[in-house]
Amino acid sequence: MNSTRELLPLGRKAVELKPSGIRKFFDIVAEMDDVISLGVGEPDFDTPWAVRDEGMYTLEKGKTFYTSNSGLKELREEISRFQMKRLGVRYDPVSECLVTVGGSEAIDLAFRALINPGDEILIPEPSYVSYTPCAILADAVPVPIPLKAENEFRLTAGELEEHITDKTKILVLPFPNNPTGAVMTREDLEPIAKLCVEHNLYVVSDEIYSELTYTGQDHASIVQLPHMQERTVLINGFSKAYAMTGWRLGYCCGPERILRLMVKIHQYAIMCAPTNSQYAAITALRDCYPEVEKMREAYNQRRRFLMHAFRQMDLPCFEPFGAFYVFPCIQEFGMTSEEFATRLLEEEKVAVVPGNAFGESGEGFIRISYAYSLDALKEAVERLEHFVKRLRARGAS
């Protein structure tokens, strides 16, 4: 017998949470044929063979049991060595490193460990789509800091100070940036660090693209600056640099007092990251950095190709030096970024992401990923150029 009683309402936060602007748009793409998709931030390279081989070997040997909540000690030791080599900063592998299910879990854990209801999280935008939803789910108040194209989408000390209140608890530093490709130098970070110390802020530094920079200089992290390691959760992982998206493995490093709480949440929600992925990641850190360098060189070639193409078609785009995205401006065409992306898809079968998927300050831009082959990029650029010429011709007539 069916009950006529009305069911209780569902969770308000989950109901009100907006779906990802990226996934919402690409539901349309999934129903179309012959589309060149430049939307998903996923390397087109295979995971290095040595990593795949280690993953298969561990399965054959039955290494499929739970690990420590924090992750394999051997992997955490490799992570600690890697951070010392790349940043010159030491983390205790026992108490200051945690292996997570991708970098996204680390973001969620960091927010939940640090936040009390009503605390404010400053989020420079445009930026990765997960920060604001994770802040809301942690009962925080997300406060966007709109970044400007004329500043190459870098966060300035003035912009930061303008948004700090007595409720501010965390600053998110999403650099190298998705979707803009912007990077922050040590000189950029120094006044930011000074303000964080002055106002006693925590920092969640998402450095998942740290190995994909093209300035000729090493990636700069805020943890390298005085008094910042003690107040910063550094997030990184294997998805982007090592082409290991489906392995779902990330990590975070930070002060023991914070990591202890993150591990506590992680042990109840997740237990531990996938075991064979952890063994494979040890091989990635030990043996596969030459593969990372080859991929970085290929990305840089594609980046330069796109920048040249944009100059040829007179499409404004600041030159990005990180990640594998470009963020051209489409404001001249008098339509929203979603309208532009939808028409480009319908008329030329090229899929890009509307800039407003990454925050309101992304309106008037589109994100193009160059984690695709040069041949695919060349064909997509030809179609984009046809589309742009057609729009300009209509505007002039």
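Analyst: Helices (H or I, at least four residues) and strands (E, at least two) are DSSP runs, numbered from the N terminus. With that numbering, Pro126 lies in the loop between strand 3 (120–125) and helix 6 (131–137), and a cis peptide bond with omega of about 10° joins Glu125 to Pro126. A cis peptide bond also joins Phe175 and Pro176, where omega is about -10°, and Pro176 lies in the loop between strand 5 (168–173) and helix 8.

User: What should I know about the model and its numbering?

Analyst: This is a predicted model, in which local features need pLDDT of at least 70 and side-chain atom pairs count only at pLDDT 80 or more, while totals for chains, interfaces and linings use all residues. Residues are numbered from 1 along each chain as its sequence is written, and side-chain values use heavy atoms, with hydrogens and water left out.

User: Why is the pair of Phe153 and Phe318 called tilted?

Analyst: Rings of Phe, Tyr and Trp (its six-membered ring) pair if their centres lie within 6.5 Å, and planes under 30 degrees apart count as stacked, over 60 as edge-to-face and the rest as tilted. A search of the whole structure finds 15 aromatic pairs. The ring centres of Phe153 and Phe318 are 5.4 Å apart and their planes stand at 55°, so this pair is tilted. The two residues are 165 residues apart, with Phe153 in the loop between strand 4 (141–146) and helix 7 (157–163) and Phe318 in the loop between helix 11 (289–312) and strand 9 (325–326).

User: Is Phe153 buried or exposed, and what makes Arg12 count as exposed?

Analyst: Buried means under 20% relative accessible area, exposed over 50%, and partly exposed in between (1.4 Å probe, protein chains only). Phe153 has 1% relative accessibility and therefore counts as buried, and Phe318, with a relative accessible area of 15%, is buried because that value is under 20%. Arg12, which lies in helix 1 (residues 12–16), has 56% relative accessibility and so counts as exposed.

User: Why is Lys349 described as partly exposed?

Analyst: Lys349 has a relative accessible area of 30%, so the residue is partly exposed. Lys349 lies in the loop between helix 12 (337–348) and strand 10 (350–351), and has a positive phi of about 55° although it is not a glycine. Phe153 is also a residue other than glycine with a positive phi, near 55°.

User: How do you know that Lys63 has its charged end over the ring of Tyr279?

Analyst: A charge sits over a ring if NZ of Lys or CZ of Arg is within 6 Å of the ring centre and within 35 degrees of the ring normal. The charged end of Lys63 is 5.0 Å from the centre of the Tyr279 ring, and sits over that ring.

User: Which residues of helix 3 and helix 10 meet?

Analyst: Contact means heavy atoms within 4.5 Å. Ala50, Val51, Glu54, Gly55, Thr58 and Leu59 in helix 3 meet Asn276, Tyr279, Ala280, Thr283 and Ala284 in helix 10. Val197 is found in helix 8 (residues 186–198), and a relative accessible area of 31% makes Val197 partly exposed.
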